[in-house]
Amino acid sequence: MADTEHERRERILRTAEDLITRQGYDKTSISDIADEVGLGRGLIYLLYKNKDEILEALIRQELIGYVRAWIEHIEADPRGGTIGGIYRAVLHAINQRPFMAALMRRDRRLWGAYLRKPGSVLASLQAASPGTGLFEALQAVGAIRADADPVVSAHILDLLSYGMVTLGELRLPETLPPFEAVLETLGDMLDRLLTPEDGGNIEGGKAVIRDLAARSLSQLM
């Protein structure tokens, strides 16, 4: 039975992800993708007008998977509405998806010239990062202490997140403590620092994340 258009698109994206991860965006051509997936270049051009469109479809697909994994971790964690629970869910979701980690790092070997493209999906992602707005929304429902500075605190959380993703490039993996142990300790530290003394509004925090996830998915799909 012949593939449907959806199945062909999925095969192209899976193949493109594998090739770009192995050899980088600049060194991956439409011909490479066509040869690897077993389709003619003409058929690929019927589905995607150029290599950038393939990459951008792949990034959107990866982001959808990441958001879904993130909210699943939040819902499954009884403490998922605290700042520590939210942080653990973010890093779990990224750690499960190497391509997502490469997105966060803006890996020059992988992304190449696409990093410099005006109006790219990567540029729009950076501009749309929830950051301070998310922190303030969590404060508004009582999931985070009201006296914490949202700008400085959100910046520190970004530093921690990017540090977890990039540290493996600076240190040998065997010298690092277990990922789960680091996540648990950091989550506990964040909760001790930023959760209100009464334990905070955990369900309110989860509701904020559900809303953010729903809005993100509606923009991506």
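How many residues does α1 have, and how far does α1 reach from its first C-alpha to its last? The legends below describe close-up views of a predicted model.

**View 1. Helix α1 and its buried residues.** α1 has 19 residues. From its first C-alpha to its last, α1 reaches 27 Å, which is close to the 27 Å expected at 1.5 Å a residue. The buried residues of α1 are Arg8, Ile12, Leu13, Thr15, Ala16, Leu19 and Ile20. These buried residues pack against α2, α3 (41-47), α4 (51-76) and α7. After α1 comes Gly24, and the phi of Gly24 is positive, near 90°.

**View 2. The aromatic pair of Tyr25 and Tyr114.** A search of the whole structure finds three aromatic pairs, shown in part here and in the next view. The ring centres of Tyr25 and Tyr114 are 5.8 Å apart and the ring planes stand at 65°. Planes over 60 degrees apart count as edge-to-face, so the pair of Tyr25 and Tyr114 is edge-to-face. Tyr25 is in the loop between α1 (5-23) and α2 (30-37), and Tyr114 is in the loop between α7 (108-111) and α8 (121-127). The two residues are 89 residues apart, and their pair links distant parts of the chain. Both Tyr25 and Tyr114 are buried.

**View 3. The aromatic pair of Phe99 and Trp111.** The rings of Phe99 and Trp111 are 5.4 Å apart, centre to centre, with 70° between the planes. This pair is edge-to-face. Phe99 belongs to helix α6 (residues 98-105) and Trp111 to helix α7, so the pair ties together parts that are 12 residues apart in sequence. Both Phe99 and Trp111 are buried.

**View 4. Charged side chains over tyrosine rings.** The charged end of Lys51 sits over the ring of Tyr25, at 4.1 Å from the ring centre. Tyr25 is also a member of the pair with Tyr114. Arg9 lies over the face of Tyr48, 4.9 Å from the centre of the ring.

**View 5. The surroundings of His92.** His92 is part of helix α5 (residues 83-95). Is His92 buried or exposed? The relative accessible area of His92 is 15%. Buried means under 20%, so His92 is buried. Leaving out residues up to four places away in sequence, His92 touches His73, Phe179, Glu180 and Leu183.

Notes:
Residues are numbered from 1 along each chain as its sequence is written. This is a predicted model: local features need pLDDT of at least 70, side-chain atom pairs count only at pLDDT 80 or more; totals for chains, interfaces and linings use all residues. Side-chain values use heavy atoms; hydrogens and water are left out. Rings of Phe, Tyr and Trp (its six-membered ring) pair if their centres lie within 6.5 Å; planes under 30 degrees apart count as stacked, over 60 as edge-to-face and the rest as tilted. Helices (H or I, at least four residues) and strands (E, at least two) are DSSP runs, numbered from the N terminus. Buried means under 20% relative accessible area, exposed over 50%, partly exposed in between (1.4 Å probe, protein chains only). A charge sits over a ring if NZ of Lys or CZ of Arg is within 6 Å of the ring centre and within 35 degrees of the ring normal. Contact means heavy atoms within 4.5 Å. The expected span of a helix is 1.5 Å times one less than its number of residues.
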